[in-house]
Amino acid sequence: MNSLRMTRDLRRELILGAAKRCFARNGFAGTTTKSVATAASISEGLLFKHFPSKSALYAEILAEECEADPALVHLLDLPPSTEALVVVVRNMVAHFLHVSDQPDGEEAQRLRLLVTSQLDDGEFARLVFEKISGLIGPKFAASLDRAVAAGEATRIGQEPMNLFWFAYHTLVMMALGRLPAVPCLAYGEAAALERQTCEYILRGIGLNDDVIAAHLDRELSPEQTSAETTESA
């Protein structure tokens with residue numbers, strides 16, 4: 001009896017598994033679609049039927065990793081609210097401010113790749129932004145609407161996702177400035193920087209000062225900060 005033809009979804013998962021191994025071993029620059037196809041025991045032409053480029057493969061792997069992140073799962077489970085909005089911003093700030101902890105680590109390499117893409121054809125950056133927008137955008141926009149309706153935020157402009165991207169790109173540039181062995185800018189003590197950055201972004205997206213203080217006092221309590229410092233050591 002002839003073997004059953006592999007389903008499209010199963011083939012796609014096979015390709016992604018092979019791509020993960022190749023990227024882990026050789027990095028983004030050292031991996032080719034040909035090497036991924038070989039690792040998946042398929043032709044390069046068949047690979048292109050599922051993923052049009054190496055950037056599309058890498059972006060899909062990043063999206064899968066994000067979707068499996070417990071912090072993101074928790075965030076997406078929160079109902080739209082001012083609290084959820086603060087959690088989004090606080091998690092973004094913590095993520096980008098800690099990229100420089102391992103300047104040669106995977107997150108730092110991804111950040112460099114993101115910036116390089118924008119200086120080149122922009123394909124990888126566009127794919128990443130599309131994935132981020134799809135994952136977090138609806139929660140951010142709905143939570144901002146709830147905050148405005150509750151009188152806890154002021155509406156700024158007509159495009160709420162622009163506010164998200166203003167915050168995102170501010171944090172990307174902060175992270176880049178801290179990547180070199182000698183940082184381009186010395187922002188000061190880490191815990192104070194995290195709080196100041198959160199306050200800056202939350203004000204920028206329209207939250208009231210009293211609301212910001214109340215949520216950050218809870219989100220960035222000394223006990224929680226100490227525990228997170230211990231876990232990351």
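Colour the chain by pLDDT to begin: the protein averages 87, and 91% of the residues score at least 70. These scores belong to a predicted model. Next, select helix H9, residues 160–177, where confidence is highest, at a mean of 96. Then select helix H12, residues 222–232, where confidence is lowest, at a mean of 40.

Move to a single residue. Select Thr 33, which is found in helix H2, residues 33–39. Is Thr 33 buried or exposed? Its relative accessibility is 12%, and buried means under 20%, so Thr 33 counts as buried. Now show the residues around it. Apart from neighbours within four places in sequence, Thr 33 is in contact with Glu 44, Leu 47, Phe 48, Ser 53 and Lys 54. With one of these, Glu 44, Thr 33 makes a polar contact from side chain to side chain, at 2.5 Å.

Which helices each supply at least two residues of the lining of the second largest pocket? Select helix H1 (8–26), helix H4 (54–67) and helix H7 (106–119) to see them. The pocket holds about 170 Å³ of space. To show its lining, select Ala 19, Lys 20, Phe 23, Ala 24, Gly 27, Phe 28, Tyr 58, Ile 61, Leu 62, Glu 65, Glu 106 and Arg 110. Coloured by type, these lining residues divide into 7 nonpolar, 1 polar and 4 charged.

Key: Residues numbered from 1 in each chain as written. Predicted model: local features only at pLDDT ≥ 70, side-chain atom pairs only at ≥ 80, totals over all residues. Heavy atoms only, no water. Helix = DSSP H or I, 4+ residues; strand = E, 2+ residues; numbered from the N terminus. Buried < 20%, exposed > 50% of the residue type's maximum accessible area, 1.4 Å probe, protein only. Polar contact = N/O pair within 3.5 Å; in protein donor to acceptor, adjacent residues only side chain to side chain. Contact = heavy atoms within 4.5 Å. 1 Å grid on protein atoms, 1.4 Å probe; cavity = no way out; pocket = protein on both sides within 12 Å on 5 of 7 lines; lining within 4 Å. Points joined across faces, edges and corners; volume = space filled by probe spheres on them. Nonpolar A, V, L, I, M, F, W, Y, C, P; charged D, E, K, R; others polar. pLDDT = per-residue confidence, 0-100.
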